[in-house]
Amino acid sequence: MAEHAAVIGVGQTDFDAKREDVSQVGLIREAAERALADAELDWADIDAVVVGKAPDMFEGVMMPELFLAEALGGVGKPMLRVHTAGSVGGSTAIVAASLVQSGVHERVLTVAYEKQSESNAMWALSIKMPFTPIMVAGAGGFFAPLIRGYMERSGAPEDTGIRVALKDRLNALKNPLAHLKLPDVNFEMIQNSPMLWDPVRYLETCPSSDGACALVIGNEKHARAASAPPAWIHATNMKTEPTMFAGRDQVMPKAGLECAAGLYKKAGIQDPRKEIDCAEIYVPFSWFEPMWMENLHFAPINEGWKMTYEGATALDGDLPVNMSGGVLSTNAIGASGMVRFAEAAMQVRGQAGEHQIDGAKKALGHAYGGGSQYFSMWIVADQPLQ
Amino acid sequence: MSEENEPITRIITPVHVEYTYTPGVASERFLRGVREGKLLGGACDACGRVYVPSRGACPRCAAPTSEFRELSDKGTVITFCVVRVPAENIDVELPYCTASILLDGADISFTGLIQGCPFEEVRIGMRVQAVWKPEAEWDFSIGNIQHFEPNSEADVPFEDIKEYS
Amino acid sequence: MRDVAVIAYAQTPNVRTERTRNEVEMLMPIIDEVVQKSGVPRQEIGFTCSGSSDYIAGQCFSFVMAVDAVGAWPPIMESHVEMDGAWALYEAWIKIQCGEVDSALVFSFGRSSMGETAETLTLQTDPYTMAPLGPDAISMAALQARSGLDAGVFSERDMAEVAARSRRDALSNPEAQLAGEFDPEALLKSPYLVSPLRAHDCPPISDGAAAMVIAADDTARNACDKPVWIRGIDHRLETHQLGSRDLARSPSTALAGEKAGVGQGKVDIAELHAPFSHQELILKQALGLDDDVRINPSGGALAANPIMSAGLARIGEASRQIAGGAAQRAVAHATSGPCLQQNLVCVLEG
């Protein structure tokens, strides 16, 4: 990289099913203002803005960054709008980081959001096309068969998904911003919740949220000058493979395996399980935790479920995963990837409050999208990469 | 608080946009086939793998799929899920079972409904056969296949189909 | 900064309606063509970035299927902007500046024929205060033209001359859609479409796609006899509220032009993304282009306007002029949003 870059400000909105108290403008502004306040910067200090969100049809506005530009202080500045399916929040942060790493800009604001309550995502995902009746019922209908494929391959105990959901839902109780909080959640409550897309139960899936996440990314000069500790970006990576092709392993996609391997190489990490202190990853259906533990090379193939079973991914485990409560607790689709990246940054900055992992020095942020085909990841740490 | 002081939290702006879709050269061949009750797969010019329906390209080679081959309407369940939640634009009665089905002669699975047996009996590796609508109702639509149902053939071992899952 | 060059460009012929091929079938041949022409083996291209819009394509995640045309196997490092392909080029240029990769494939596609483009673009406006009023793209452009006419920045005659020149130049561009000899006097006698715009002031509805390979330093020099160097690239944005802007001027273009270094040398040709005739006149002024600069030798967006791809096409067409020896230094421009809200300027040299 031409320049070191670091997260010097993090801001998230409160997440809820319907944020009727704000417009889209108010929502992104809430996240951006919190990030700027955290960075102790003003709008004028920002050189460029990068916006990310999932499909425009989720809110019914084409290229909404154009009307949001003014509220993000974008007038007279360069502004980019990223869209890489569900991984977009992560990719957006990576594009923002690259604007700094390239040496082109010194301080960049990036915001990712979704305000699903203003339209209907299930509708947008099931637009009736001629010639083809729709049979896949939204994201759950797409991913449930992959989960069944994983269960068949790995022989994982059937309650693995329930255990993941319980852990994440308990973590969410420690996160004041989380959307879905179930104070009396327990194993039976999840087990007895209705099957939606068999084998996926209601409480093993994510909610639909309104919310936004913002980051301020600065170069080395600004990171060193900041009063709060920066989260140094050690490495970023993105990988894509096509949705459907003959011989594609949809359960354990190569794009994810290679993205993680490339990321660790760039960050100088040889043993990810040992060297990474905690990971915030994109788990919209609980079973994806064990699947991604394998995909991220934390566990051997078909053994990711053992990490959940042994408590390795709990807050007091050897590799805490989804300390924030994860996507299972909060899912403003376009923002979800960036929330993962933000949580990784908050951990190494010591900012995570009740869900802080003591002494976290190196953390992974991960997002994926499309039909498990778009991956974006970063490693952040409390010190710059040597 | 009087009505005029109530916060406005929502306005509704109906949006209507119409689109004309072009299926493309390969999909058109497939749809013409299905109109005649035939399932046509497209073979990749580079690697020979057979796609059904083909969208015109083998995504792993970025090569056209020029040659068309008629495939069997029998196949193997690669994976499945039982849907118990309603979704927009889906007219099937709940609950229902959708499956990824690998048609004989194809190298990629295909989504279909499974009927004709209790859901508990649906399993990975199960052999199924297409049940077509009456010929008079055939259109340029994969909806000509009403659903798939089990046939009496022996299951395919998971190891043999794993690479398609 | 690393030296980055356009080393290959290709586009589909622009047509009113692509009736037979889908997006993947449109893209596959031109992506194949640029990769072949670039001389960089497909597997060695470090990054891929595309630009497109779901609202133009009429479905969510429309860019996902376009990946089928790229050969993303083994998996590739890839990104997408919900913007014109010119901004995909910008993201790719940044990636190369990071030193992470040495080359990139950039592409974009748009099929305006699928929907009712002018009405679809209404959905680009503020959903709370503007979209409910239903301003379509042509009406908004007409407001801008009126503003420029009243301010005396240009005349209807100037606008007709831009249209006549664009369509005459398009006669020598086999990939253009609208071409022909027109007399500006005769054009001015035609009725208004949306006053003060006449049909000739407006772009055609076009289906098209474009693809480009860029590379840095020696990768470009080794792969290509005539790399076309990107000497500056910048983009800027204005407020969305039409009422808050002086529509007869384009300060964001002026600023982007300054940052990209337009004024640092003699400009031989300019490819300006001006879907409406008067916009070329506004852009010419904002960029400070002299009267001897040849504008839009390709025919420009008045000859073919595949939305989401027409901006990248300007950069591609300008690079062709340099690679072909017709120019030494060129300015290319792309726009996005109502009435030139966002503008990108790229300076190219042989």
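Q: How far apart do the C-alpha centres of domain 1 and domain 2 of chain C lie?
A: They lie 22 Å apart. Bear in mind that this is a predicted model.

Q: Which residues make up those two domains of chain C?
A: The domain assignment gives 4-116 + 205-228 for domain 1. Domain 2 is 117-204 + 230-349.

Q: How many residues does each domain put into the contact?
A: Domain 1 of chain C gives 38 residues, and domain 2 of chain C gives 33.

Q: Which elements supply the domain 1 side?
A: Strand 1 (4-11), helix 2 (54-57), helix 4 (85-97), strand 4 (103-111) and strand 7 (207-216) of chain C each supply at least two residues of the side that touches domain 2. Helix 4 of chain C gives the most, with six residues.

Q: And by class, what is on that side of domain 1?
A: There are 21 nonpolar, twelve polar and five charged residues on the side of domain 1 of chain C that touches domain 2 of chain C.

Q: Zooming out, how many helices and strands does chain C have?
A: Chain C has twelve helices and twelve strands.

Q: What box do its C-alpha atoms fill?
A: For chain C the box is roughly 55 × 45 × 40 Å, taken along the principal axes.

Q: What does the radius of gyration of chain C agree with?
A: A compact globule. With 350 residues, such a globule would have a radius of gyration near 20 Å, and chain C has 19 Å, so the two agree. Also, 68% of the 350 residues of chain C count as buried.

Q: What share of the contacts in chain C link residues 24 or more positions apart?
A: It is 79% of the contacts with a separation of 6 or more.

Q: New topic. How many residues do chain C and chain A bring to their contact?
A: Chain C brings 46 and chain A brings 48. On the chain C side, helix 2, strand 3 (78-81), helix 4 and strand 8 (228-237) give two or more residues each. Helix 4 of chain C has the largest share, five residues.

Q: What about chain B, how many of its residues are in contact with chain A?
A: 36 residues of chain B are in contact with 35 residues of chain A. Strand 6 (74-83) of chain B is one of the elements that give two or more residues. It gives the most to that side, with five residues.

Q: Which strand of chain A is joined to strand 6 of chain B?
A: Strand 5 (residues 195-198) of chain A. Two bridges join them, and the strands run antiparallel. A:W197 has B:V83 as its bridge partner.

Q: Staying in chain A, are the faces of strand 3 covered or uncovered?
A: Both faces of strand 3 (residues 79-82) of chain A are covered. A:M79 and A:R81 are buried on one side, A:L80 and A:V82 on the other.

Q: In which sense does strand 3 of chain A pair with strand 2?
A: Strand 2 (residues 48-52) of chain A and strand 3 of chain A pair in the parallel sense, over four bridges. A:G52 has A:V82 as its bridge partner in strand 3.

Q: Last one. Which residues touch the most other members of the largest nonpolar core?
A: A:V380, C:M212 and C:I214, out of 306 residues in that core. Helix 14 (residues 333-349) of chain A gives the core its largest share, ten residues.

Q: What does A:V380 touch?
A: Leaving out residues up to four places away in sequence, its contacts include A:V7, A:W232, A:A344 and A:G365.

Technical notes:
Residues numbered from 1 in each chain as written. Chains lettered and ligands numbered in written order. Predicted model: local features only at pLDDT ≥ 70, side-chain atom pairs only at ≥ 80, totals over all residues. Core = buried A, V, L, I, M, F, W, Y, C linked by C-beta atoms within 7 Å. Buried ≥ 20, exposed ≤ 12 C-beta atoms within 10 Å, placed from the backbone. Contact = placed C-beta atoms within 7 Å. Domains from an automatic or database assignment. Nonpolar A, V, L, I, M, F, W, Y, C, P; charged D, E, K, R; others polar. Pairing = 2+ DSSP bridges. Rg over C-alpha atoms; globule rule 2.2 N^0.38 Å.
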